[in-house]
Amino acid sequence: MPTESTFLLAGLFFVAAALGYFFAVFGDDDDEDDELAKGQLNADYIKGLNFLLNEQPDQALEVFMRMVEVDDETLETHFALGSLFRRRGELNRAIQIHQNIIARPNLSVVHREQAMVSLAEDYLSAGLFDRAEKLYKDLRESTEHGVRALHKLIRIHEATQDWAPAIEVYQALKKIDPDAGEDGRVAHYYCELAEQAALDRDFPRARELLKKAGSGRHGADRVRLVLAGLAQETGDHKEAIKIYRQVMKHQPRLIAEVVPRLAESCRAIDDQDALTRSLKELRKGGSDSGKAIALATVYDPQIVNETALECLRDYVLADDVLGNLVDTASLEEGDLSDQRAALEKVREGLGAFVSQSHRYRCTECGYVTSQLIWQCPTCRSWETVSPAVQLSVETPVA
Ligand SMILES: [Zn+2]
């Protein structure tokens with residue numbers, strides 16, 4: 001973050017610039033009126049800087065604004081000043097400066113576009129997405145700023161969840177720069193639209209949109225999960241179970257997310273054997289898979305499957321902390337019904353203190369959330385939020 005000293009250093013930079021300007025002005029210009037005007041300009045510069053250094057930015061701004069009306073040569077200083085205000089978080093002042101530049105008559109195309117880019121950045125920083133969007137749309141055809149404008153438009157459409165325009169802009173960007181956006185985000189845009197269509201119970205439209213999302217490397221798991229959700233909604237639980245099994249095989253990181261959904265479909269058709277078969281197959285994949293099943297079993301008390309509970313027992317016994325907290329002997333000794341009753345107690349206890357809000361974590365930035373999301377709201381990465389691999393304890397509210 002820029003500090004006060006950054007600001008003052010920048011102020012000193014202006015002093016140096018002003019002094020350089022002073023010598024330039026008085027060095028080789030013979031025109032008396034011009035010299036007078038520039039002398040006045042220089043006096044304004046010094047005045048503005050004094051305000052700046054005395055922490056009186058409003059007064060400094062007023063002086064610098066007046067200067068724009070005087071001479072083209074001060075433009076770059078104003079751009080620097082505007083950017084400085086933005087970095088300090090003084091967005092109203094930054095906006096005022098950049099709007100003032102744009103309002104100038106006879107401004108060159110280069111400077112106008114530069115000012116539009118800066119103003120759009122101010123709006124973006126202020127969360128004024130509609131105003132930023134308008135400016136970036138106007139800059140789409142710019143040779144210099146077109147690509148940047150498209151990237152920014154994508155960011156805005158993602159933030160405002162306007163998925164159809166996001167697809168249009170993404171496709172326009174790909175035409176200019178085929179390597180841009182090779183992160184599969186367009187598949188997610190189609191999935192977003194498909195999920196919306198599913199909510200509206202327009203299932204044919206949802207399927208059509210999922211086809212457009214394609215079956216590329218990115219977004220494929222989400223496409224499958226939405227398809228499985230559609231199958232569940234339409235009562236085709238066998239199809240849903242088939243797809244859930246595919247997802248877990250293809251993407252073990254999603255096991256803790258998918259197991260409760262799989263269990264739901266198995267319950268719907270009263271087929272516990274199908275769940276047992278799936279869970280046993282997953283356990284063969286290693287201890288991490290068993291652990292993920294155990295976590296799902298803690299989070300979803302409706303899972304009463306024996307294999308799932310075995311995974312939970314193994315998880316508790318293998319965990320140093322839980323092993324000390326729980327009466328582990330009761331999980332291994334006595335008859336099966338006693339063991340089962342003890343395990344149910346453990347599950348109940350864990351369920352009461354685990355944090356639902358920490359169920360998922362972004363591997364890029366550490367953001368935590370209570371549900372699976374496909375784009376991290378903090379770092380804006382796609383497909384980086386996964387089910388947590390450990391139980392987190394709920395922090396008591398004071
Ligand atoms: Zn993140």
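Me: How do the residues of the lining of the largest pocket divide into nonpolar, polar and charged?

Reply: This is a predicted model, in which local features need pLDDT of at least 70 and side-chain atom pairs count only at pLDDT 80 or more, whereas totals for chains, interfaces and linings use all residues. Residues are numbered from 1 along each chain as its sequence is written, and side-chain values use heavy atoms, with hydrogens and water left out. The lining divides into 17 nonpolar, six polar and 11 charged residues, where Ala, Val, Leu, Ile, Met, Phe, Trp, Tyr, Cys and Pro count as nonpolar, Asp, Glu, Lys and Arg as charged, and the others, Gly among them, as polar.

Me: Which of the residues that line the largest pocket lie nearest its centre?

Reply: Of the 34 lining residues, E192, E195, R222, L372 and W374 lie nearest the centre. The elements giving two or more residues to this lining are α8 (146–160), α10 (185–199), α11 (203–213) and α12 (220–233); helices are DSSP runs (H or I, at least four residues), numbered from the N terminus.

Me: What makes a space a cavity and not a pocket?

Reply: On a 1 Å grid over the protein atoms alone, a cavity is a set of points where a 1.4 Å probe fits but cannot get out, whereas a pocket is an open set with protein on both sides within 12 Å along at least five of seven lines; lining residues have an atom within 4 Å of a point. The structure holds two cavities of 30 Å³ or more, and the largest cavity, of about 40 Å³, is lined by A256, E257, Y299, R359, Y360, P387 and A388. That lining divides into five nonpolar, no polar and two charged residues.

Me: Why are α10 and α11 called roughly antiparallel?

Reply: Their axes, which are lines fitted to C-alpha atoms over the stretch in contact, come within 8 Å and cross at roughly 175 degrees. Angles run from 0 to 180 degrees between N-to-C directions, and those over 145 count as roughly antiparallel, so α10 and α11 are roughly antiparallel to each other. The contact (heavy atoms within 4.5 Å) includes A187, Y190 and L193 in α10 and F203, R205 and L209 in α11. By class, this contact has 12 nonpolar, no polar and two charged residues.

How values were computed
Points joined across faces, edges and corners; volume = space filled by probe spheres on them. Parallel < 35°, antiparallel > 145°, perpendicular 65-115°, else oblique.
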